[in-house]
Amino acid sequence: MASSVLRTSFLPLLQSQDGYNSISCLLNFTTTHHRGDRKSRFNGVPAAQLETGKSSNDRNTLVKRDQRTRQNEHFKRFINFSGEKPSTPVLDTINHPIHMKNLSIEELGKLADELREELVYTVSKTGGHLSSSLGVAELTVALHHVFNTPEDKIIWDVGHQAYPHKILTGRRSRMQTIRQTCGLAGFPKREESIHDAFGAGHSSTSISAGLGMAVGRDLLGKNNNVIAVIGDGAMTAGMAYEAMNNAGYLDTNLIIILNDNEQVSLPTATVDGPAPPVGALSKALTKLHSSREFRQLREAAKGITKQIGGQTHEIAAKFDSCVRGMVGGSGASLFEELGLYYIGPLDGHNVEDLVYVLNEIKSMPAPGPVLIHVITEKGKGYAPAEIAPDKMHGVVKFDPKSGKQIKSKSETLSYTQYFAESLIAEAEQDDKIVGIHAAMGGGTGLNLFQKRFPDRCFDVGIAEQHAVTFAAGLASEGLKPFCVIYSSFLQRGFDQVAHDVDLQKLPVRFAIDRAGLVGADGPTHCGAFDTTFMACLPNMVVMAPSNETELMHMVATAAAIDDRPSCFRYPRGNGIGSILPPKNKGTPLEVGKGRVLREGSRVAILGYGTIVQSCMKAAELLQMLGVSATVADARFCKPIDGDLLRQLAQEHEILITAEEGSIGGFSTHVSHFLGLNGLLDGKLKWRPMMLPDKYIDHGSQNDQIEEAGLSSKHIAATALSLLGECREGFHQLNL
């Protein structure tokens, strides 16, 4: 019977070339799919077959359908990006998600348009993440129309996609404060709203967190939905696959939405434009369900199931699985082999389709873990962002009409640029030098290195753990890898730094960007901990430059260290205008040796990193008050300069150490040396100054420095308090 149905039903469907399939019929029958030896009942069919027009081998036809659907017609409506406050009649009625429940499909489409207008108008005045949020307008609207937050949990991953979510969850009136001191955070934040189920300032954590929430729900006997929205590069990290593997095994109800905007690696740009997606995953998603044959074979499977009836669902399910493996590419098979039921791809800008599928999934009593593949366009609806999603990914204030960003001019370059130029100079003379970054070519400056050395620069995707061990492998073969990662992101690869690099004394060089306070990105991106966790490793050389010239010398020093790992940290922001070495080529420093910058008598201030500049200003303030101060630049946290420490401790009444890092960092290493060598047994007064033992919220870097108590005035005031000259001195310092 089954074989005859295969013969009679399969070929006619396979020969079909045209036709408009209704999505409503795609989810109306039951199939059984297998996960190893287990069977799971799923009252629905993947919407991979969703076609609103003629089949095509071009994947983009699944998203850009020449406005053949009713829903896409609303994009013909004039959208106001004039810079004037837009008229938003639908959005004006939405203060909380509950107000969206009775909106029609047409009104939901208008709401998505108005969200885009509101986003461009607001972010043009504040700066922030733009392209990612523009791409999820319809998805956000559909999610909040169908589900009921905060009872239902929606996790946004990466969190910079969440601006529309913030607007629809009672924070519209505060959007003009986003990323500013005392304003809204740029990422989901549990303290900020009950609608923010989980904070996600890094990436690839949503499925793990969502699975934990889903299992917790089951254990507590609750019945809410948990939705993890993952995309914009977040699907490249191994943690996402670890979570999917566990989700498939646990088989609890969990909805995963893969927001596929073709940015499998973050679009932080090359010198010549947006960086193409990296990795085999990008190719798999591109091929997934893109062919006409695959969708027609899936239609055949549906027809077979309907004709055969309930007794032979298993045959159809096996046939369906076989078809996926043969024709559909590896993507669907990968997700389903992990135990997730795959639905898609869906047009992420078609509200009607999104609402229908989400409602169907929501109505199913026990779907298990489901992955809905949604295709979106980053920057959708705003021409400057569609043309240049990389440049409009994270923006400063800009002109809404043209998209031109209003960047303040500086006489100096960023530390990131100085690092890149220095690394290029080293690589010009040493062909063993290679660069590795984790989806941050533009952010780390390695896009410049890639332009010069395209075969010696490696973007591994958002995969810091892999980046570190990949660099270790390169080092083991005699190459000189520079692994360039933001401080807060390197936290994700610490075990690899310890076990794969430091334990084996492999000479990997870690260039740690965004060290210290980072301003508007807040605590999720604050580089507070790198000195602490790197300097505790026995074989690691740990450095920090006081200015851009010193940074170039440390790049040269790291290149020269070939018997152990090394690292150097540098901040967000611009250099001070120090004199650069010829052709940006630094000179290797003597390892473990600092320097005295200013001679004094009573007070010694020892700075580590760019805070040395504040130490110099503090010494000038003290000089105005008649207090002579020595200022030294430590350069190295490990090995620490013992001779310099003895000199400072023995020749001064007071020693102050200053760093823009957490407890357990440079000052801790100073205290160990002073204590073990008896330098604290006499009359010396020593005070460490570092970041307080708390997370400092987003805001301007100057505001954060003030809150941390690390400004030049704070350093000078600490010296005055130890000298017993507080009252008059504080008054003159305006403290």
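At 1.5 Å a residue, the 22 residues of helix 2 (residues 105-126) should span 32 Å, and the end C-alpha atoms lie 31 Å apart, which agrees. The expected span is 1.5 Å times one less than the number of residues; helices are DSSP runs (H or I, at least four residues) numbered from the N terminus. The model is predicted: local features need pLDDT of at least 70 and side-chain atom pairs pLDDT 80 or more, while totals for chains, interfaces and linings use all residues. Residues are numbered from 1 along each chain as its sequence is written, and side-chain values use heavy atoms, without hydrogens and water.

Just after helix 2, Gly127 has a positive phi of about 80 degrees.

Two nonpolar cores (buried Ala, Val, Leu, Ile, Met, Phe, Trp, Tyr and Cys residues joined through side-chain atoms within 4.5 Å) are listed here.

| Core | Size | Residues including |
|---|---|---|
| Largest nonpolar core | 55 residues | Leu111, Leu130, Ile372 |
| Another core, apart from it | 50 residues | Ala463, Cys637, Ala649 |

Beyond its neighbours within four places in sequence, Ile372 is in contact (heavy atoms within 4.5 Å) with residues including Ile257, Ile343 and Val357.

The axes of helix 23 (residues 642-651) and helix 24 (residues 666-676), lines fitted to C-alpha atoms over the stretch in contact, come within 11 Å and cross at roughly 70 degrees. That makes helix 23 roughly perpendicular (65 to 115 degrees) to helix 24.

Methods:
Helices (H or I, at least four residues) and strands (E, at least two) are DSSP runs, numbered from the N terminus. Axes are lines fitted to C-alpha atoms, for helices over the stretch in contact, and angles run from 0 to 180 degrees between N-to-C directions. Angles under 35 degrees count as roughly parallel, over 145 as roughly antiparallel, 65 to 115 as roughly perpendicular and the rest as oblique. Buried means under 20% relative accessible area, exposed over 50%, partly exposed in between (1.4 Å probe, protein chains only).
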